[in-house]
Amino acid sequence: MPQNTKPFVDRKEAIDLFERFIDFEKPIKKPFLNFYGMSGIGKSFLIDYLTETYLHNIAFIHISFEPGAGDYDYNFIINQIIRVLRPKTDAAESFRQFKEKRDQWLDESKKQINRIENTILASGGSTIDIGTSSQNVTLEKLRTETRHRITQAFFDALDKIAPGPLLIILDAIENLLPETGIEKETPDYAGWLINFLLQIADIMPTARVMLSGRNHIRYDSLNTKCNFWELLHLPSDDVVDYLQQLGIKDEDLISAIYGITNGYSLSVAMAGELWIESKGSLCEEDLTTEEFTHAYNNKLVPELLMRRIMDRADDHIKPMIKYAGFFRYFTYQVLKETLIPDLREEDFQRFIKYSFISKTGRHYQYHAELRRLVTGNYLEQDSKNFRRDHETIYQYFNNQESIEKDNDRRNHDEQFYYGIYGQVEGVFEEWENTCYRYYNTWQTENLKLILDMIDEIQQLFSDKQKSDIYSAKGKLFERYYEWDKALEHYFKSEQILIDVGDKAGRGYTSLNIATVYYRQNDKTAIRYIDRSVAIFTKLGASHELEIAEQRQNDIHKKFD
């Protein structure tokens with residue numbers, strides 16, 4: 001009898017199919033079931049519902065192949081099956097004998113592999129003789145033979161017992177596909193795993209296998225043994241049903257949620273969670289439709305998504321989820337030599353399979369929205385350690401040896417980003433001087449780079465620093481001959497300087513504005529250059545006045 005108190009959208013046809021699938025009292029022609037659909041469409045949500053509702057008295061294992069969930073080889077899967085079947089009295093002895101044989105074979109295989117690897121390292125070859133045999137045996141062949149012996153012995157053990165119902169659930173199976181997945185001990189691990197499970201189903205008439213992933217699993221051996229079911233966007237009636245179960249009754253709000261989620265299952269679930277949380281944390285009363293839509297689009301959905309990612313990641317992946325977001329661009333070496341000294345290459349390879357990680361050249365990059373969330377949360381929760389970590393990154397990129405090892409000038413410039421975030425003394429001034437050096441030497445792309453990076457952390461700056469940034473951006477647009485944008489940023493700089501009463505800064509900005517108008521043949525240049533000269537005269541700033549008067553002569557000569 002179904003048992004679940006959590007709200008759930010019906011998906012009646014999929015659930016009916018599953019109910020027939022786990023009717024273990026009837027023979028079944030297709031012991032495999034493949035739910036598939038685009039990321040976030042609701043596969044994991046559906047599986048969680050099915051396991052919590054229907055499987056209280058059924059032996060089952062649930063393995064996720066999501067990038068951060070773990071690295072499961074065939075022995076792990078065998079152990080999980082043994083774990084759920086062992087309570088049967090006739091299974092314990094059979095499995096005990098199997099495990100003795102397996103331990104012996106694995107020990108022998110390990111010794112042989114070590115011998116092969118040591119010889120390969122010594123000779124530089126790819127194959128060697130084992131013992132007195134004249135046959136050349138590769139590492140891959142040895143692993144394959146060991147796996148075959150162990151799995152065959154496992155099948156023999158299964159054949160000797162009369163196990164009851166068994167359901168094997170494999171989630172995120174697309175991460176094992178040859179063209180997209182992680183490499184295992186065989187090039188096509190998914191294909192091998194499918195055949196392994198098919199043999200279990202042949203031996204055990206009461207075994208069922210449910211596969212879930214973004215893609216339709218395409219293997220000839222599976223086609224006649226599997227029901228394939230694509231999950232699509234939720235229809236409006238299902239969205240209404242789900243939200244009403246949560247207690248949302250307002251029709252305008254329900255309509256707004258459907259409009260912003262478009263029936264996308266993960267988004268609907270997050271919208272529901274957002275509504276529940278908002279009642280207790282965002283305001284004393286329910287959000288209005290407009291407030292909810294704004295909060296959904298701009299605030300909590302990325303946070304809910306990150307929470308979902310963290311909940312499913314193992315302890316080796318979580319540090320990378322936390323720290324990789326600090327970097328504009330990162331590599332394995334950068335993470336290991338700065339914030340995660342015990343980082344393992346195999347864990348890094350799993351981490352970069354996440355959909356929110358993209359590759360740029362030989363560097364990797366965090367999804368911008370999630371990156372802002374990670375850094376923002378850490379800064380808010382632990383500002384002292386946050387700044388310490390960014391100072392560590394700054395010192396790493398500021399070191400000439402690390403620059404040479406990283407072989408990328410970009411990261412040398414981006415040291416300023418980490419130094420400013422870490423509030424390292426003098427870094428902003430160094431960044432500002434570099435801006436003007438790039439401007440004066442026509443290194444326009446380098447100037448654009450270090451200006452773009454600063455956009456992400458403007459909330460850290462004083463008003464005066466913000467004015468300096470606007471001024472530097474104005475100079476960038478001058479180099480691109482984008483006069484309107486140059487003026488826009490100079491005027492923003494000027495307004496801040498007026499507000500804070502910085503007369504010298506306003507004198508420089510008036511000079512910059514006059515120069516832009518002058519280069520456009522616009523007489524407005526006269527008003528601003530005269531203002532600049534007047535300011536510097538009143539301040540007695542002789543050096544600045546000399547520069548301004550020279551430009552004043554040029555402007556008046558042209559327009560008078």
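Which residues of H20 are buried? They are Val427, Phe428, Trp431, Glu432, Thr434, Cys435, Tyr438 and Tyr439, where buried means under 20% relative accessible area with a 1.4 Å probe and protein chains only. This is a predicted model, in which local features need pLDDT of at least 70, side-chain atom pairs count only at pLDDT 80 or more, and totals for chains, interfaces and linings use all residues. Residues are numbered from 1 along each chain as its sequence is written, and side-chain values use heavy atoms, leaving out hydrogens and water.

**Helix H20**
- The buried residues of H20 fall within an arc of 160° seen down its axis, so they line one face of the helix; the arc is taken from directions from the helix axis to the C-beta atoms.
- Asn433 and Asn440 are exposed, on the face turned away from the buried side; exposed means over 50% relative accessible area.
- Trp442 follows H20 and has a positive phi, near 60°.

**Open sheet**
- Five strands pair in parallel, in the order E2-E5-E6-E1-E7; strands are DSSP runs of at least two residues (E), helices of at least four (H or I), numbered from the N terminus.
- Pairing requires at least two DSSP bridges between two strands.
- The edge strands are E2 (59-64) and E7 (226-230), each pairing on one side only.
- Five bridges join E1 (residues 32-36) to E6 (residues 207-213).
- Phe35 stands opposite Ser212 in E6.

**Helices across the sheet**
- H1 (residues 12-21) lies across E1, E5 (166-171), E6 and E7, at about 160° to E1.
- H3 (residues 74-85) lies across E2 and E5, at about 155° to E2.
- Contact means heavy atoms within 4.5 Å; angles run from 0 to 180 degrees between N-to-C directions, with axes fitted to C-alpha atoms, for helices over the stretch in contact.
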